[in-house]
Amino acid sequence: MADYEDVMNAEKVDTMKETDRKCPQCGATMDFDPSTGGMYCPYCGYHEEIKTENSVGETVAAEQDFATAEHTGNCNWGISQKTVTCKSCGAVSVYDALTVSNECPYCGSNQVMEANDVQTLAPNGVVVFKITAKEAGERFTRWLSKKWFAPKAAKRSAKADKFKGIYLPYWTFDADTRTQYTAEYGIDRTEGEGDDKHTVTDWHRTSGTYDEFIDDELVAGTGDQNVKVLKCVEPFDTKDNKSYKPEYLAGFLAERYSIGLKDAWEKAKEYIKRKLQSSIESSIMDRYNADHVRNFKGETTYSNITYKYLMLPVWLSCFNYKDKTYQFAVNGQSGKVGGEYPISGWRVALAIVIVVAIIALLYFLTH
């Protein structure tokens with residue numbers, strides 16, 4: 001059987017072929033337009049649709065067989081690309097050859113340098129931007145304005161027009177699962193009367209088999225960047241994806257995944273295990289009309305495992321306030337906003353004083 005590295009090298013066909021992004025009217029470079037789902041020219045305003053395959057199935061990313069993944073890896077991004085590393089925070093992004101950037105989308109540093117290209121899998125699908133940069137800025141401004149504890153100076157520092165659109169790498173997994181389990185369920189009953197009244201739990205053992213299909217278990221392929229901020233803007237509708245075409249990434253950045261397929265699957269199994277335990281415990285309580293479940297033990301087997309490598313859309317922004325960087329994000333699909341912001345000490349103190357005063361007033365009125 002061929003070595004994985006040999007197969008990957010064999011798949012390097014057309015990776016240096018540029019997609020047609022030249023405006024037919026003025027010759028400038030066109031970008032993807034979230035408002036129309038097509039291409040547009042920011043110079044003359046020309047718009048055109050993105051051509052898709054005639055086959056209906058080509059409009060959505062197809063599931064990939066996990067068992068043969070490492071021997072059929074597709075590295076064809078369909079466009080000349082370059083890798084850029086930020087020396088300040090370590091973020092690694094993938095740009096197409098027509099994109100010029102001298103600022104990190106994560107920390108705002110201009111200490112970015114072009115790195116040697118590392119061969120990585122091309123995405124199977126893309127959840128495209130539906131929120132424009134203007135809309136992201138408006139949602140961000142409204143969100144931040146409601147943060148009463150944020151200092152006014154910090155709000156002035158966080159400029160909505162500094163948002164950058166970036167596609168982040170995520171893996172999704174489908175699988176049939178079968179779990180053999182044992183557990184104990186408890187049913188409460190009341191004993192005694194009056195002051196001696198108390199609850200007693202009767203415990204019973206149970207075991208069984210539980211089957212469940214796991215659909216699109218999501219695992220971030222990003223590494224050391226601010227996962228906490230990204231969690232704030234989830235979830236994404238991963239079903240609403242399109243089969244990958246380089247045009248969808250035109251004008252945006254794309255982060256290179258740092259968590260590979262096998263490592264992502266190990267993380268997915270951890271998530272799945274917790275979900276299955278919760279589902280099984282709920283089914284036990286429903287079946288026996290129980291009040292508690294304890295000492296759960298389960299062994300899960302997986303079959304028919306498939307995956308997709310998707311790029312998910314996020315608008316990022318950050319600002320510096322008192323020598324600290326704060327990062328914000330807007331979900332490029334739903335518009336959900338999340339992020340970090342500094343807390344004003346005097347505003348917190350004032351809120352505490354107000355709360356204490358209200359409690360004291362209520363106590364005075366009621367006594």
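Is Thr177 buried or exposed?

The model is a predicted one, in which local features need pLDDT of at least 70 and side-chain atom pairs count only at pLDDT 80 or more, while totals for chains, interfaces and linings use all residues. Residues are numbered from 1 along each chain as its sequence is written, and side-chain values use heavy atoms, with hydrogens and water left out.

Let me begin with the overall picture. The protein chain contains six helices and 15 strands. Here helices (H or I, at least four residues) and strands (E, at least two) are DSSP runs, numbered from the N terminus. Of the 367 residues in the chain, 42% count as buried. Buried means under 20% relative accessible area, exposed means over 50%, and partly exposed lies in between, with a 1.4 Å probe and protein chains only. The accessible surface of the chain is about 20200 Å², and carbon and sulfur atoms provide 49% of that surface. Such areas come from the Shrake-Rupley method with a 1.4 Å probe; for residues, only the protein chains shown count as cover. Among contacts with a separation of 6 or more, 74% are between residues 24 or more positions apart. A contact means heavy atoms within 4.5 Å.

I now return to the opening question. Thr177 is buried, because its relative accessible area is 4%. This residue belongs to strand β9, which covers residues 164-191. A polar atom of the Thr177 side chain lies 2.7 Å from the backbone oxygen of Glu212. Apart from neighbours within four places in sequence, the residues in contact with Thr177 include Tyr210, Asp211, Ile272, Leu276 and Thr301.

Next, consider the strands that pair with β9. Two strands pair if DSSP finds at least two bridges between them. Strands β9 and β10 are antiparallel and are paired over 21 bridges; in one of these pairings, Thr179 has Tyr210 in β10 as its bridge partner. The two strands form a hairpin with six residues between them, and Gly192 in the turn has a positive phi of about 80 degrees. Strand β9 also runs antiparallel to β13, with 21 bridges joining them, and Gly165 stands opposite Trp315 of β13. With β12 (residues 253-255), by contrast, β9 pairs in the parallel sense over two bridges. There, Tyr167 has Ala254 as its bridge partner.

Elsewhere, three strands make an open sheet in the order β1-β2-β3, with antiparallel pairing.

Let us turn to charged side chains. Side chains of opposite charge can pair when their charged atoms come close. A salt bridge is counted when a side-chain nitrogen of Lys or Arg is within 4 Å of a carboxyl oxygen of Asp or Glu. The whole structure holds 12 salt bridges. In one of them, the side chains of Glu63 and Lys308 meet at 2.6 Å, N to O. This pair links distant parts of the chain, 245 residues apart: Glu63 is in the loop between β3 and β4 (64-65), and Lys308 is in strand β13 (residues 292-321). Glu63 is partly exposed at 33% relative accessible area, whereas Lys308 is buried at 2%.

Asp211 and Arg178 form another salt bridge, at 2.7 Å from N to O. Asp211 lies in β10 (residues 198-220) and Arg178 in β9, 33 residues apart. Asp211 is partly exposed at 44%, and Arg178 is likewise partly exposed at 44%. A further salt bridge joins Glu191 and Arg189, whose closest N and O atoms are 2.4 Å apart. Salt bridges that share partners also connect Glu63, Asp215, Asp216, Lys239 and Lys308 in one network.

Leu361, Phe364 and Leu365 make a nonpolar surface patch of about 370 Å². Patches are made of residues with over 30% relative accessible area and no salt bridge; like charges are joined within 9 Å, and nonpolar side chains (Val, Leu, Ile, Met, Phe, Trp, Tyr) within 5 Å. Phe364 sits in helix α6, residues 345-366, and counts as exposed because its relative accessibility is 63%. Thank you for your attention.

Conventions: A polar contact is a pair of N or O atoms within 3.5 Å; within protein, one must be able to donate a hydrogen and the other to accept it, and residues adjacent in sequence count only if both atoms are side-chain atoms.
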